[in-house]
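Subject: Structure handover

Hello,

Here is the structure for your files. My notes follow below.

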Amino acid sequence: MSTVKKNKRKVLEIKHDGKTYKYDFHSIKSLPAETANEIMQWYNDAKSRQKDVNLKDIQRSDLGEVKDAIVAHLVREVSDKKVMLPYDPNEARDSIKNFMHELPSDKFSEIKDEIIRDFFLGQGKLHLATLILRDKPKQSLTAESIQLLGHLMTASKNSTESQEKKSSESPLSKVAN
């Protein structure tokens with residue numbers, strides 16, 4: 001069972017299988033902040049160098065785990081006494097990242113984006129994160145979106161035909177003929 005609690009100050013608490021992790025922008029020290037910035041810069045550099053990357057290349061290069069890597073450095077484990085444990089880069093790279101791999105993706109995907117957006121926005125560097133926040137897998141068309149697309153195309157066709165009819169009935173078109 002996973003839960004996520006939010007408050008107005010962008011403090012997120014993530015609980016899953018007896019462990020609790022917390023994101024609090026105002027408690028992030030310089031080393032984890034620099035590490036998160038470097039990971040994001042590495043990602044942006046790698047993306048700009050690799051125009052046509054296939055899935056195997058992404059998996060081998062860790063591009064597929066960039067969000068996990070960034071968030072792992074920005075969240076801290078909370079002790080039984082409700083105290084955030086000190087930052088440990090090895091813990092972030094291993095235990096915290098593994099913890100995030102165990103979370104249900106349907107819930108945690110949006111939370112990762114929210115943490116990344118809040119962190120880079122808080123630093124005034126949202127431009128660094130726009131590429132990764134924009135990179136979403138393309139969704140296949142659902143029945144609803146196909147139906148909506150059909151309605152839009154029909155409406156567009158009817159509008160075009162109506163415009164053409166009005167154009168042919170205008171006084172200028174009669175004079176031209």
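In which sense do strand β2 and strand β3 pair, and over how many bridges? Strand β2 (residues 11–16) runs antiparallel to strand β3 (residues 19–24), with 6 bridges between the pair. Strands are DSSP runs of E, at least two residues long, and helices are runs of H or I of at least four, both numbered from the N terminus. Two strands pair if DSSP finds at least two bridges between them.

First, the ground rules. This is a predicted model: local features need pLDDT of at least 70, side-chain atom pairs count only at pLDDT 80 or more, and totals for chains, interfaces and linings use all residues. Residues are numbered from 1 along each chain as its sequence is written, and side-chain values use heavy atoms, without hydrogens or water.

The sheet: Glu-13 faces Lys-22 of β3 across the pairing. The β2–β3 hairpin has 2 residues between its strands, and Asp-17 there has a positive phi near 50 degrees. β3 also pairs with β4, antiparallel, over 3 bridges. Tyr-21 sits opposite Glu-77 in β4.

The loop between β4 and α4 (89–102) holds Lys-82. Lys-82 is not a glycine, yet its phi is positive, at about 65 degrees.

Confidence: mean pLDDT (the predictor's confidence in each residue, 0 to 100) is 74 for the chain, with 62% of residues at 70 or more. Strand β4 (residues 75–77) is highest, with a mean of 91, and helix α8 (residues 171–176) is lowest, at 51.

Best regards
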